Structure formats: C-alpha cells, structure tokens
Amino acid sequence: MNVSKKFKVFASMVLVGVLVTVNAVGAQAYDGKKAADYAKKHAENYNSNYPDFDKDGGDCTNFASQCVFAGGIAKDPVPTKNIKYSHINDIYKTKDYWNSAKYTRTTTLFGWTVRSKTGFVTTSTWSVVSKNDSDSWWGFYNYMKNEGASAKEYSVDTVAKLNTFIAACDVGDVLQIRSGTNVNKWHSVIVTDKSYDYTNKRYDMKIAYHTSNTPPTDFRSSRWRAFGTDSLWTIIKVSKI
Amino acid sequence: MSNKIKIITVVTVIAVFCILGYTQIYRPVSIQPKKAECITWDATYESIKGFAEAYKSGEYNKNTTFIHAFDGKLPSDNPNDYMTVYCTLEVKNRSIFHMSNLEAIVLELGNHAGNVLYSTSSSDTVGGGVFRFSEKDITFILDVYIGNMDETAIKEMVKGIKAKVMYEGDFTGVKEETIEFSNCNNITIENTVTNE
C-alpha cells in the first residue's frame, strides 16, 4: 500500500469516527430503565408537578411523556411570550414544543396588576397520542418521530406475532395502539420490564399506563387479550436530536 | 294576546323544559348494545392460564375482575374449549356536560351462566369518559368455557347478558343504567387459534 492509499484509509477512518461521535453527542441519551422506574413509581400515584387529564380525555400520553422525560429526554418549553390566558390549564396545540409546566401570565396597567393567571400549559405533543388526519398540530407520535424516534407497527393476533412483537420491545419504549379499522392511534403505554422465559424460549414483558391506572402488568397473560384481536401496536423507540 | 296563543306558548315552554330536563339531567346519555364479538384466539387461552395463577395467589384487580364460575382450575387443556366475548356498547352523550368515570360491568348472566368463568369491566383496559355531544364505544369482556356449547348456545348466552353502565357528571352526579343484550343482533363467532 503506498503512502497516498494509506492516507486515504486513515482519513476515512477518522471521518467515520468523527461522524459517529457527533451523532452520539448530538442525540440525547435515553435511559429506558429510568423511564420505567418513573412509571412504576407514578402509575398509581400521580405526580402533582403535572396536570391530571384523567377526567379530560385521558392521561395516558401525559404519563408516557413524564416517563420519557424521566428517561433523559429534555423538555422543549413554549416561550413565555407565546402564552395567552386561554392556554393556561389547557392544551397548547403545536408542532414545535414538547412540554408541560406551570406558567403565569400577568397584565399590568401603570405598574398595577390588573389580571393574573397561573396554571399548567401542556403541549399537544406532550399529552395527545397522535394527530388525527384533520389536525394541523402534532401529538406525541408525530413530534417524537420528527425528532428522530423510530416507530414500527405490529399486528399481534397470533402467538407467533406476539413473540416477535415482545422481542422487539425494550424497557422504556412507548407503545401506541390503534384499531385495525381506524388509522388514528388512541392510547399510549410504556414498557416497564422485559425478561426471557428459558422454559418456553420466549420473551415476556410488562406494561404500565394511566387511564385506567395500571401498574406494571404482564402483557402476554393479561393485556394482550384485553386490548383485543384487531389492535395494532406501534413501538416508539425514543431519541431526540 | 289571545288565549289560544297563550296556551300554545305555555305548552311549548313546558315541552322545551321537559326535553331539556330529560336529555340534560334525567338521561343525559343514551346507551345501546353495539356488538358482541365471540372469539377464540391465541390470547384467550394464554389469558385464562395466566388468570388461573393470579386467582390462586389472589393477585388480580378485584375492582375490575369478577368471578362467575371459576375455582382456579381449568375445565380443559384444549385452547379451543375457551372463548373471549367482547361486548361493546355505543354510548352517546347528548348533554352539554362532560360525563366521566364511564364504566360497564356484567350485571346478570342468563342461560349458560355456569360457563362464564370470569369477566372484566370496561375500565379494566381503558377508562375515561365521554365528552359533551360526542359518542364513544366501551367494551367489557367475558372469558367463557365453551367445551359443551354449540353456536346456538353461545348466542343464547350473549342474549342473556345484562350490563350495568355507570357514569358521572359534575351536574348530574353518578348515574346507573341497565342494558340488555337480548336485542343485540350483531353477534359474531370466530376461531383463529393457531395452536403454536
């Protein structure tokens, strides 16, 4: 190998190394175990630092987002200047931010406070499963996919398909469900445990979610039947650039 | 104003108040049985085996799971001898109020009650409510031993189901209704067990 060729090989290796390093630093590290630990702690004991949507359409994706945040994905706050009174204690419909936090909006006149309101502002990307066809804003699924998450849909109507599906899941993954007869996803859950059953030579896993509050529960023997034969499950492997 | 116009006005006002009272307070929600899907699929036997273990250890949610004819022992080792029945109700909220804590459970089992091992309420899987002027389907589930039943018997069993549906409104408080599946005409029976 002559000097020129050696240099080319060396330069190529350096370039690959740099690209790998940049990619690793650029993408936020996600610790699925931390997300699962949060899910175990708060599946039945709500965290008062967040709003509760149980009586207002469901709390499943709000809870999944809290878990993902606990797993290390940073929030993307809505700028304070964007917040109107109508956004406080309501959903902020957006494609651009991912956050749930308390905001205060105040109106002053000649230095006097004439109106003030404090409450949670939660983005649609944080609390809504996925956008419907007619929506101009995004839900969790759309936002996370745009940020670099991978998403793959599985049918689980037989044992063989279930085994493939569970094998593909990892602790901390968010799973979303839709019916085979409707394109819109309607529920989010999180994988809290995964183990290998050496006797039956297959993986098992547990999931947790809100609405109804479900602590880590075995998927194969309980939740599989509960969600029905025509449910399609999307595995969202979270990462954020 | 003539007496005739006065009477018409009073009757109209009373009628409007009656309709509003009925649809907003007395019966803000209308509920109909939509379908009963009777399916023997791979999840059925996995679920019943898993529940037998949970039953023995007492580790199951007694608020959402109800035992009917089950003592922890499986009547058969054949996956084809069991069936999961998904009973779906169509719930329409015709009021201006949001109804929360919507839940349906089995209230009565008619013929073949001895075949129904256990059932789970609709909120065992997913809870929540139904928004004002909107519709929602809720499903409660029965796991049934069908080793000694034919299709006619399975349909008879479904027709004998009575469900209790509960919901809560801020203004109306908690309400309950009994819904019968005797007039459910959409009953499907299917076996997709792969025996893998």
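A crossing of two helices is left-handed if the near helix is turned anticlockwise from the far one by less than a right angle, and right-handed if clockwise. Helices (H or I, at least four residues) and strands (E, at least two) are DSSP runs, numbered from the N terminus.

This is a predicted model, in which local features need pLDDT of at least 70, side-chain atom pairs count only at pLDDT 80 or more, and totals for chains, interfaces and linings use all residues. Residues are numbered from 1 along each chain as its sequence is written, while chains are lettered from A and ligands numbered from 1 in the order in which they are written.

## Where the chains meet

Two residues are in contact if their C-beta atoms, placed from the backbone, lie within 7 Å. On that basis, 24 residues of chain B are in contact with 19 residues of chain A. The largest share, seven residues, comes from α2(B). By class, this side of chain B has six nonpolar, 13 polar and five charged residues. Here Ala, Val, Leu, Ile, Met, Phe, Trp, Tyr, Cys and Pro count as nonpolar, Asp, Glu, Lys and Arg as charged, and the others, Gly among them, as polar.

## Helix pairs

Two packed helices are described by the angle between their axes and the distance between the axes. Axes are lines fitted to C-alpha atoms, for helices over the stretch in contact, and angles run from 0 to 180 degrees between N-to-C directions.

| Helix pair | Angle | Axis distance |
|---|---|---|
| α7(A) and α2(B) | about 130 degrees | 8 Å |
| α2(A) and α3(A) | about 135 degrees | 7 Å |

The angle makes α7(A) oblique to α2(B). Angles under 35 degrees count as roughly parallel, over 145 as roughly antiparallel, 65 to 115 as roughly perpendicular and the rest as oblique. The crossing of α7(A) and α2(B) is left-handed. From α7(A), the contact uses A:Arg220, A:Ser221, A:Ser222, A:Trp224 and A:Arg225. From α2(B) come B:Ala43, B:Thr44, B:Glu46, B:Ser47, B:Lys49 and B:Gly50. The residues of this contact divide into two nonpolar, five polar and four charged.

Helix α7 spans residues 219-227 of chain A, and eight of its nine residues are buried. A residue is buried if 20 or more other C-beta atoms lie within 10 Å of its own, exposed if 12 or fewer, and partly exposed in between, with C-beta atoms placed from the backbone. Among the buried residues of α7(A) are A:Phe219, A:Trp224 and A:Phe227. Just after the helix, A:Gly228 takes a positive phi of about 90 degrees.

The second pair lies within chain A. Helices α2(A) and α3(A) are also oblique to each other, but α2(A) passes α3(A) in a right-handed crossing. A:Lys34, A:Ala35, A:Tyr38, A:Ala39 and A:His42 of α2(A) meet A:Gln66, A:Cys67, A:Val68 and A:Ala70 of α3(A). This contact has six nonpolar, two polar and one charged residues.

## Strands and sheets

Two strands pair if DSSP finds at least two bridges between them. In chain B, six strands form an open sheet in the order β2-β5-β6-β3-β1-β9, with mixed pairing. Its edge strands are β2 (65-67) and β9 (187-191) of chain B. The twist averages 20 degrees from one strand to the next. Inside this sheet, β3(B) pairs with β6 (residues 135-145) of chain B in the antiparallel sense over eleven bridges. There, B:Thr88 has B:Thr139 as its bridge partner. Helix α3 (residues 151-159) of chain B lies across β1, β3 and β9 of chain B, running at about 135 degrees to β9(B).

Another open sheet of chain B has three strands in the order β4-β7-β8, with antiparallel pairing. β4 (99-108) and β8 (173-180) of chain B each have a single partner strand, so one side of each is left without a neighbour in the sheet. β7(B) and β8(B) pair over eight bridges, and B:Glu168 stands opposite B:Val174.

In chain A, β2 (residues 100-109) is hardly covered, with one buried residue among its ten. β2(A) pairs with β3(A) in the antiparallel sense over ten bridges. In their hairpin, A:Phe110 takes a positive phi near 55 degrees.
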